[in-house]
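Please consider the sequence and the structure shown below. The paragraphs that follow lead through the sheets, the ligand sites and some details of the backbone.

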Amino acid sequence: MSPKKLSLPTMNDWVAALIREHRVFGPQAKGDRFAYDLLGCAADLRLDHDVTILPPRKYLMPPTEVLITFTRSGKFESVMEGEPLVLFGVHPYDVAAIAQMDRYFTQDHADSHYLARRKKVTIVACDVQSASENVFAACMGTATVPDGFDVLLTLVGETYVVESRTAAGDALLALAGVLEDADAVSLGRREQLWMDAQKLLRRQNLRCRVEDLPGLLDRSYEHPAWRQKSELCFSCGSCVMVCPSCFCFDVQDEVGWDLVSGERRRQWDGCLLTQFACVAGGHNFRRLREERYRHRFYRKGKYLHDRCGFVACVGCGRCAAACTSGIASPVALYNSLLEDQ
Amino acid sequence: MTAEALICSDRDLYLPQPATVVSKTVLTATETLFEIRLDSGEELKHMPGQFVEVTVPGVGEAPISVSSSPDRKDGFELVVRRAGRVTSAMHDRRCGEKLGIRGPFGTHYPVDGVMRGRDIVFIAGGIGLAPLRSAIHWVLNHRQDYGKVTVLYGTKSPAERLFLDELSDWSCRPDVTFMETVDRADANWKGNVGVITKLIPTAGIDAARTVVAACGPPIMYKFVIVSLYAIDVMDESIYVSLERRMKCGIGKCGHCQINGLYACTDGPVFNHADILRVQEAI
Ligand SMILES: Cc1cc2nc3c(=O)[nH]c(=O)nc-3n(C[C@H](O)[C@H](O)[C@H](O)COP(=O)(O)OP(=O)(O)OC[C@H]3O[C@@H](n4cnc5c(N)ncnc54)[C@H](O)[C@@H]3O)c2cc1C
Ligand code: SF4
Ligand code: SF4
Ligand code: FES
């Protein structure tokens, strides 16, 4: 569908109509920060948010989810969770992270549980209106995204330009009624805004190109920065829990009250946590904080790149904000590796 | 989402198949041999060195190597060491009780590939004999496809030796060279004492003709590989099996990573040349 114009009042009515018809999740104010939650009314939606505490990943891969049910006598059944929902107002870097997750969970062995949820999600992306202090999406090539969404919204002055890319997007947009085509001036302003985003979303500056990162890591395994920075690490795992491009999980069985049946669940796990590579008998394959800290950057910057073709960091800056020790920022780490090259 | 992704998403790789414990044989104080059959009646269709994820419903899952040869059509065997929650619960399962099985997963010893026609040296440390036994049985069942066959086995003490009948069978066979050693002897032990590497120089290995299939703890690999280098065995001719924490078995959970490699899908069996420069490997 060609790009349309959406005035602010029409926008408001459209969101209200969507909320009546669908389960719509979008960024809302939580104290002085923002978080995705179910939208009760259009006024709660904050498309001017800078970044949310957790990324929308929680709707595609919840903190805990059921994989199968079992009985103690050995009957196993798949559980495919996931209900239709609309993610509204997703920033481009988070759209890019969802595309990475799609790739990760379909490559080699398709993960049917992830896909069961994913297929029911419609994404309404929204170009960034205010930048968070730690953001460096522009350095990672995710300040704007060419695809990966069903609908894209861009605020140009006093109106939105809205563009649908899929049948699911068209269906959502139909609820807005008949819309005018976006005029050349609005489209021109949208182009300008996309160019400006390359400056706006560079509050932290990575001193190399994203495609240089795997090579940089290749040369830096023994760099003193791993030890120096990780000396401050609490192994709390916050940096990986808030990350839209971290996908690791643990699996646990839970027996029900009847002691006969139960559920097998998977939950978020993180390679920064002490036990992550620990096996029976207590041997830990990444015993040192330094090893765990380094692994996070290698998995993101090199291993996943070599395997799936992307650097698993979209520059949202959430990890930097979450780390009380101030050592989780990829920009700061990569820049210090670059210093001694 | 691509159409391709939508199609292949139908199979749930996390769903275990129901299976039954057919028999249990105590091997040592901590290891028990389980004979297991899939309730579907189907064969497991594994290759030597591959593993399955075993579910004890309500307790959890553990990766366990298949110890029987693929030639064995009627069920398969696992050797389980009592190491923690899941493995202890397995030991407590009685014959006729149910387990869940996922897999087989991972890579295998190349018994159907580069090992054919070559001399084979199996090097087993401790419970490492369990996975290697699958390959040993296969090679002995198809004896004409291979050159000279040598089995080297090392345990900490005589009490930890597995499959005593089979060990004595191998030591009697004219077409197998079998040598073993224990780290610490007891009063009845008449054999070699010392680390397994001591067996390597005297085993009559012709490096140029040989493929080595090893399975044991990481520390064993460190020393074994040095000894193999000393007799000119090349990295490309050495296969090792590496163990890591595993949760999914299919390259998704991230637990088993060895730098950029996944022990569950790129391994557990690796060619030594492929892990030479992988810092976390050995
Ligand atoms: C490829 C492979 C093949 C194996 N083959 C055998 C075999 O043939 N026989 C045998 O007895 N053991 C084998 N093991 C080791 C066996 O998987 C562990 O002893 C077992 O997982 C321990 O689980 P637990 O619940 O009893 O121990 P706990 O200590 O209670 O487990 C604690 C947690 O750590 C995880 N964990 C602990 N150790 C391991 C481990 N080594 N690998 C993966 N996850 C672990 C468990 O999933 C669990 O979440 C193999 C491991 C791997 C990776
Ligand atoms: S880097 Fe920071 S956020 Fe991450 S585990 Fe260490 S202390 Fe926690
Ligand atoms: S590593 Fe940090 S900056 Fe990069 S995507 Fe994850 S949370 Fe965002
Ligand atoms: S066991 Fe999950 S990635 Fe290997």
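This is a predicted model: local features need pLDDT of at least 70, side-chain atom pairs count only at pLDDT 80 or more; totals for chains, interfaces and linings use all residues.

Residues are numbered from 1 along each chain as its sequence is written, chains are lettered from A and ligands numbered from 1 in the order in which they are written, and side-chain values use heavy atoms, with hydrogens and water left out.

Contact here means heavy atoms within 4.5 Å. Helices (H or I, at least four residues) and strands (E, at least two) are DSSP runs, numbered from the N terminus.

Two strands pair if DSSP finds at least two bridges between them. Strand 9 (residues 176–182) of chain B pairs with strand 10 of chain B in the parallel sense, over two bridges. B:Thr181 has B:Asn192, in strand 10 of chain B, as its bridge partner.

Chain A also contains an open sheet of seven strands with mixed pairing, in the order 1-9-8-7-6-2-3. Its edges are strand 1 (4–7) and strand 3 (33–38) of chain A, each with a single partner strand, so one side of each lacks a neighbour in the sheet. On average, neighbouring strands of this sheet are turned by 30° against each other, direction ignored. Strand 8 (residues 151–156) and strand 9 (residues 159–164) of chain A run antiparallel and are joined by six bridges; A:Val151 stands opposite A:Ser164 in strand 9 of chain A. Helix 1 (residues 8–21) of chain A packs on the sheet, touching several strands, among them strand 1 and strand 2 (24–30) of chain A, and the direction of this helix makes about 90° with that of strand 1 of chain A.

The ligand sites come next. Which residues come nearest to ligand 1? They are A:Ala280, B:Pro63, B:Arg81, B:Thr87 and B:Lys247, out of 22 residues around this ligand; a residue is near a molecule if one of its heavy atoms lies within 4 Å of it. Because residues from chains A and B surround ligand 1, the site is shared between chains. Polar contacts are pairs of N or O atoms within 3.5 Å. A backbone N or O atom lies 2.6 Å from an oxygen atom of ligand 1 in the case of B:Pro63, and 2.8 Å in the case of B:Arg85. The side chain of B:Lys247 has an N or O atom 2.7 Å from an oxygen atom of ligand 1. Strand 4 of chain B gives the most to the shell, with five residues.

Ligand 3 is surrounded by 13 residues, and the closest are A:Cys243, A:Cys313, A:Cys316, A:Gly317 and A:Cys319. Helix 10 (289–308) and helix 11 (318–322) of chain A are the elements that give two or more residues to this shell.

Finally, some backbone details deserve attention. A cis peptide bond, with omega about 10°, joins B:Gly103 and B:Pro104, and B:Pro104 is found in strand 6 (residues 98–105) of chain B. The peptide bond from B:Gly267 to B:Pro268 is also cis, with omega near 10°; B:Pro268 lies in the loop between strand 14 (261–262) and strand 15 of chain B. A:Asp108 is not a glycine, yet has a positive phi of about 60°.

Definitions and conventions
A polar contact is a pair of N or O atoms within 3.5 Å; within protein, one must be able to donate a hydrogen and the other to accept it, and residues adjacent in sequence count only if both atoms are side-chain atoms. Axes are lines fitted to C-alpha atoms, for helices over the stretch in contact, and angles run from 0 to 180 degrees between N-to-C directions.
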